[in-house]
Amino acid sequence: QVQLVESGGGSVQAGGSLRLSCAASIYTFGTSAMAWFRQTPGQERDQEREFVAYISWRGGNTYYADSVKGRFTISRDNAKNTVYLQMNSLKPEDTALYYCAADINPLSHSGKYYYTFSYDYWGQGTQVTVSS
């Protein structure tokens, strides 16, 4: 059974840091691209989840939303089947439910990493709240 389990969310003041983790029980994790998306109240449909960061299956390529570039860093440890999101200089507008997602056929979605439809599996989300 495929599972993505996020952890590391919490409440922090503006300017603070959090590190999210996503433990994946996917037998193809080593060849899957991974990403983080986020969703705020009012964005109730999957299609309205906002792309945050992407990492290719080997970790050689990473992409970020403009809103987090320079503050967030995505990384992965294929030996541990885990992907991370280091979030620094957090802002109140970063407050959201953060989801981990896995694309088990990344070659089929080349260039489409920011679309939710490119991903096959999703976690349940971890809440991040940033207060001013």
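Tryptophan 122 is partly exposed in this predicted model, because its relative accessible area is 23%. Buried would require under 20%. Tyrosine 99 does fall below that limit: at 8% relative accessibility, tyrosine 99 counts as buried.

These two residues belong together. Among the 12 aromatic pairs in the structure is one formed by tyrosine 99 and tryptophan 122. Tyrosine 99 lies in strand E9, residues 96-103, while tryptophan 122 lies in strand E10, residues 121-122, so the pair ties together parts that are 23 residues apart in sequence.

A pair of aromatic rings is described by the distance of the centres and the angle of the planes. Now apply that to another of the 12 pairs. The rings of phenylalanine 37 and phenylalanine 51 have centres 5.7 Å apart and planes at 75°, so this pair is edge-to-face. Phenylalanine 37 sits in strand E4 (residues 33-39), and phenylalanine 51 in strand E5 (residues 50-55). The two are 14 residues apart, and their pair links distant parts of the chain. Phenylalanine 37 is buried, at 0% relative accessibility. Phenylalanine 51 is buried too, at 10%.

Which residues form the aromatic cluster? Phe37, Phe51, Tyr99 and Trp122 are among them. The cluster also includes Tyr54, Tyr63 and Tyr113.

Arginine 19 lies over the face of tyrosine 84, 4.0 Å from the ring centre. The charged end of arginine 76 sits over the ring of phenylalanine 29, at 4.6 Å from its centre.

Next, turn to two glutamines. Glutamine 3 is in strand E1, residues 3-7. With 46% relative accessibility, glutamine 3 counts as partly exposed. What does glutamine 3 contact, leaving aside neighbours within four places in sequence? Its contacts are Ala23, Ala24 and Ser25. Alanine 102 is 99 residues from glutamine 3 in sequence, yet the C-alpha atoms are 10.0 Å apart in space.

Glutamine 124 lies in the loop between E10 and strand E11 (126-131). Is glutamine 124 buried or exposed? Glutamine 124 is exposed, with a relative accessible area of 68%. Not counting residues up to four places away in sequence, glutamine 124 touches Leu4, Glu6, Leu97 and Tyr99. Glutamine 124 and glutamine 3 are 121 residues apart in sequence, but 9.3 Å apart from C-alpha to C-alpha.

Finally, look at the backbone in two loops. Most residues other than glycine have a negative phi, and most peptide bonds are trans. Asparagine 81 has a positive phi of about 50° although it is not a glycine. Its place is the loop between strand E7 (72-77) and strand E8 (82-87). Asparagine 81 is partly exposed, at 23% relative accessibility. Serine 89 also has a positive phi, near 50°. This serine is in the loop between E8 and E9. Serine 89 counts as partly exposed, with a relative accessible area of 40%.

Note on methods. Residues are numbered from 1 along each chain as its sequence is written. This is a predicted model: local features need pLDDT of at least 70, side-chain atom pairs count only at pLDDT 80 or more; totals for chains, interfaces and linings use all residues. Side-chain values use heavy atoms; hydrogens and water are left out. Rings of Phe, Tyr and Trp (its six-membered ring) pair if their centres lie within 6.5 Å; planes under 30 degrees apart count as stacked, over 60 as edge-to-face and the rest as tilted. Helices (H or I, at least four residues) and strands (E, at least two) are DSSP runs, numbered from the N terminus. Buried means under 20% relative accessible area, exposed over 50%, partly exposed in between (1.4 Å probe, protein chains only). A charge sits over a ring if NZ of Lys or CZ of Arg is within 6 Å of the ring centre and within 35 degrees of the ring normal. Contact means heavy atoms within 4.5 Å.
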